[in-house]
Amino acid sequence: MKIEIRNGRLIDPKHGIDRTATLFVAAGKVAAIGEAPAGWNANRTIDAAGLVVGPGLIDLSARLREPGFEYKATLESEMEAAVAGGVTSLACPPDTDPPLDEPGLVEMLKHRARSLNKAHVYPVGALSMGLRGEALTEMGELAEAGCVAFSHADQPLADTQLLYRAMQYAATFGYRVWLRPQDAHIGKGGVAHDGEVATRLGLPAVPASAETIALATIIALARETGVRVHLCRLSTADGVAMMRAAKKDGLAVTCDVAAHHLHLCDVDIGWFNAQCHLVPPLRGTRDRAALCAGLADGTIDLVCSDHTPVDDDGKQVPFGESEPGATGLELLLPLTLKWAAGEKVALPAALARITAQPAAILGLDAGHLAVGQAADVCIFDPAAHWVVEPQALRSQGKNTPFLGLEVPGRVRYTLVSGQIVFEH
Amino acid sequence: MRNPQLNADGGLTHLLTLEGLPADVIRQILDTAIPFTSIAMRDVKKVPLLRGKAVFNLFFENSTRTRTTFEIAAKRLSADVINLNIGASSTSKGETLLDTVDNLVAMNADMFVVRHAQSGAPHLIAAHLNRTGRNHVHVVNAGDGRHAHPTQGLLDLFTIRHYKRDFRNLTVAIVGDVLHSRVARSLIHGLTTVGTPEVRAIGPQTLLPTALQALGVRVFNDMREGLKGCDVIVMLRLQSERMRGALLPSAGEFFKHYGLTPDKLAMAKPDAIVMHPGPMNRGVEIDSAVADGERSVILPQVTFGIAVRMAVLSIVAGN
Amino acid sequence: MTLPDAEQTLAALADRMRGAVAFDARFVGIYSGGAWVAERLAQMIPGEHPVGYIDVSFYRDDFHRKGLKPEVKRTELPFEVDGATIVLVDDVLYTGRSVRAAINELFDYGRPERIELAVLVDRGGRELPVEATYAGARLAVARELSVVLSRGADGRLLLSTEAVGAEQAAESPGA
């Protein structure tokens, strides 16, 4: 199908493109930019005047809840949510039920996702069998089945010997290891940041040191093994400082932040609002400021949604019993735009953090719009504001701390491999 | 953020925590408790205020003491009292906390007295009732996790006011496991709200929450230093689990540093009073000589507790 | 409508009671106006008349509409109620509901032999079958007004009227 996207503000952060131009899509690929190819005859024309035309968003962490948690969400609903949010590629963590520790499960997931013809799904494999932290998984088999990296999701990895071996093994074959820095013991059972709010509300607390201790361990082991490690969901100011120092030292480490942590802090828990029960916990204002600045100066490489649909049964319970997590696929773009406005970051640089940068971490040739590239495109109105309401979300997860709030950035069209998979 | 405990006219409609309560609401509760202490001394200890009202004691955590005092208080107000001892296992049967509440409201509950192991459970219930338009049903927090025990805080304030008159001249010390104590948190909020100039917390670092200073509390690790010049000493109960959680090596070591003995008591003012929310662990946090001594007001605290709870139930039911 | 002078009305009430009340009648004043009147009567009427005070807040019939008032005073009856002759004293008798509440409360202290009612002013408008045994003055007062007794710094009593809100006039004011 030949699609002509006219007069939009074409932004391709990777190639430094930011100008009004028409994008020509044919046979699932970018056919031309600016001038129509010879003999062009569009089947469909999209008037993108006033809109931004950019690469489809790439979300490094979105829980699709299959297999195992279909009562919370299904692939169908969450893929709808993804493309409604302009996300054309996403990586899903291995903490499904059963965890993604066997090639068969990975293949099934990829197959299911492919048949839906929506966003591209890149499964992240489990680092240890069952995510139990005892034995390594067959990373070779899993990589062959399609795993782009290996992680331990949110499960504690107490055995530093195992962690060391896993990193050595991964380094041997060039596999990527994604780890969320959290000590297995300190702050165990904690549900909120160890600060004034947790003290006042009497909530079991997770000190910042739970993150920094684990970060120090991982950085030290990364230095020794030479593995490509990506740190997931930074939450502390001290953690950002450690990453800055490690990068300055020349270590090949990267990291990300979840979109929610750029905007919220522990005070937002208010009177025990379980929508603000997240992992890692929302920390103090100083931490939030450091995360925002870290993402702006490149210490933090990218933003992800950490999309986690949770049903009412998981949230309409006392805070300490509630399931952590927030829905996020449809908020990745708005929350990134909001962050950029606050930090005075230009739109192309902001978009880089949800397109080119995640692509680089995934090791994919994606997140950009060069001629010949698969046409994964997100067309959005940066000036349109909308109110976050359950009816406005396509995800089955309506659990968000932003309920009732107005956010900027409305996706109008999403294309995956040259097909329009979403229009609004 | 609107205070979920107050209605549109600023009247107390739920009692969830002392934090954020206006000082005059706290004073009204303390003042209203006074006539209720007289009622306790009559032959007929009942008044008809809550006649025909159904008060449900919703206890998800066992507590015979607190439940009994609430039951006595409600019955002395002529209310019908129904006790529900729902162990933590009830929710594992599939019925959520809010489902249980909805069912009981359908049975014409007028008030819930709630004790729960999770901080925030009473807030969740009150928010649910407010959101679903059931403004005539009230929630009184009988203790939630580590967060709050507002009626205990109020009866402690009542006791202090009874013996010491004016909060604005006092130095009050709270000793022991503040980290896990809802009693301590409520008392701290109560004391700072009514203008107590110096509130102290005394304990080892393992048992004091990180951000205590932010609540307006002066922290001491040395008990003798901390007791100097105190008018009121509140001893907290030390639970045996604390020894298993590597927070303390032993009860003996705790008693050595933080147990209230006559010689440590001598560091405080000569007319200082000694309080304890109960039940006491003699020889762990408090020496029997002090617990039974003339400065101890531990038994009067219990009597005042019924009057204070009668005041709370009456005020909340009338709004 | 002119209100009578409170001090003169008090004298008239004491006149009616002198010689009629029992020698050992106990005076129980309903806070706050009734309490002031009871104290004055005890000085003006010969005999042994210990004074008690009663706050009817816990016995009112309008609790569920109005809640508890901000200041509830302590009922103090420094004598035996069982077998006693009690004169309940109030400043203004209107609907009779306060008196009903006071009688119920007294019975929770014991069983009196007899209860009489002395009021400074009876303004009619009864909603319950209650009558004053002794009244200082009888008045007709419009529904929109409430009759209020106050006490000056010198102890002198003063009667005045206050406008009552329209909806309050339609409801029972509870006195």
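Predicted model: local features only at pLDDT ≥ 70, side-chain atom pairs only at ≥ 80, totals over all residues.
Student: What makes the size of chain C agree with that of a compact globule?
Tutor: A compact globule of 175 residues would have a radius of gyration near 16 Å, and chain C has 15 Å, so the two agree. The C-alpha trace of chain C spans about 45 × 35 × 30 Å along its principal axes.

Student: What share of chain C counts as buried, and what makes a residue buried?
Tutor: A residue is buried if 20 or more other C-beta atoms lie within 10 Å of its own. In chain C, 41% of the 175 residues count as buried.

Student: Which elements make up chain C, and in what pattern?
Tutor: Chain C has 5 helices and 7 strands. Along the sequence the pattern reads α-β-α-β-α-β-α-β-β-β-β-α.

Student: How many of the contacts in chain C join residues at least 24 apart?
Tutor: Counting contacts between residues at least 6 apart in sequence, 70% join residues at least 24 apart.

Student: How many residues do chains C and B bring to their contact?
Tutor: Chain C brings 14 residues and chain B 16 residues. On the side of chain C, 7 are nonpolar, 2 polar and 5 charged.

Student: Which helices of chain B supply at least two residues each to the side that touches chain A?
Tutor: The contact takes 24 residues from chain B and 18 residues from chain A. Helices H4 (97-106), H5 (121-131) and H7 (182-193) of chain B each supply at least two residues of that side. The largest share, 3 residues, comes from H5(B). By class, this side of chain B has 11 nonpolar, 9 polar and 4 charged residues.

Methods
Residues numbered from 1 in each chain as written. Chains lettered and ligands numbered in written order. Helix = DSSP H or I, 4+ residues; strand = E, 2+ residues; numbered from the N terminus. Rg over C-alpha atoms; globule rule 2.2 N^0.38 Å. Buried ≥ 20, exposed ≤ 12 C-beta atoms within 10 Å, placed from the backbone. Contact = placed C-beta atoms within 7 Å. Nonpolar A, V, L, I, M, F, W, Y, C, P; charged D, E, K, R; others polar.
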